[in-house]
Amino acid sequence: MTANPRRRLVLASQSPARLGLLRQAGLDPEVIVSGVDEDAVSAPTPAELALALAEAKASVVAARPEVYGALVIGCDSVLELDGQALGKPSDAEEATARWKSMRGRAGTLQTGHCIWDTVAKRYVSGTASTVVRFGEPTDAEIAAYVSSGEPLYVAGAFTLDGRSAPFIEGIDGDHGNVIGISLPLVRRLLSELGVGITDLWTQPTD
């Protein structure tokens with residue numbers, strides 16, 4: 001008897017952070033960007049918005065004929081602050097204002113996750129939430145950070161594993177969720193689809 005072949009895994013996201021976390025966890029997804037217009041998606045709460053965006057991205061990629069047979073993972077993150085959903089800032093001015101409003105406070109990073117099984121033609125989804133406690137960088141430190149360009153490419157205008165790390169005092173919850181994807185939630189969602197995450201592991205290299 002031969003073992004069943006490992007399922008093909010597709011990440012419907014261009015985020016290098018998400019790809020990196022999945023690879024570190026022993027997975028080797030292909031990347032296919034959905035092209036979803038995020039501004040066209042709305043929801044009543046930040047958590048629901050993150051979930052709706054994740055479902056939209058995964059659904060668009062899962063519908064492509066060349067993806068049939070794969071498991072498709074879609075994710076999207078927003079920072080919830082004062083009840084508002086904050087995604088990527090549109091420019092340096094917005095990123096600067098964002099950081100000045102966040103410092104010394106806490107926000108909740110909401111990441112929606114959706115996994116499509118293109119063989120079973122069904123999906124499961126969920127949202128992971130992590131509280132982020134921001135430090136109090138000076139105006140000069142904020143200006144230097146914004147000038148690096150990093151905050152323009154990440155939800156909430158910060159990263160846990162980048163140049164803004166010294167400005168984050170701590171988190172309550174899954175750190176991977178803040179970086180871009182909650183591996184424990186991915187495991188639970190795969191289980192709902194009848195797939196064991198260890199069955200998707202690549203073979204260790206010598």
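**Exercise 1.** Which residues on the other side of helix H6 are exposed?

*Solution.* The model is predicted: local features need pLDDT of at least 70, side-chain atom pairs count only at pLDDT 80 or more, and totals for chains, interfaces and linings use all residues. Residues are numbered from 1 along each chain as its sequence is written, and side-chain values use heavy atoms, without hydrogens and water.

Step 1. Helices are DSSP runs of H or I with at least four residues, strands are runs of E with at least two, and both are numbered from the N terminus. H6 comprises residues 183-192.

Step 2. Buried means under 20% relative accessible area, exposed over 50%, and partly exposed in between (1.4 Å probe, protein chains only). Leu 185, Val 186, Leu 189 and Leu 190 are the buried residues of H6. Viewed down the helix axis, these residues lie within an arc of 135 degrees, so they line one face of H6; the arc is that of the directions from the helix axis to the C-beta atoms.

Step 3. On the other side, Arg 187 and Ser 191 are exposed.

**Exercise 2.** State what Leu 190 touches.

*Solution.* Contact means heavy atoms within 4.5 Å. Not counting residues up to four places away in sequence, Leu 190 touches Leu 71, Ile 115, Val 195, Ile 197 and Leu 200.
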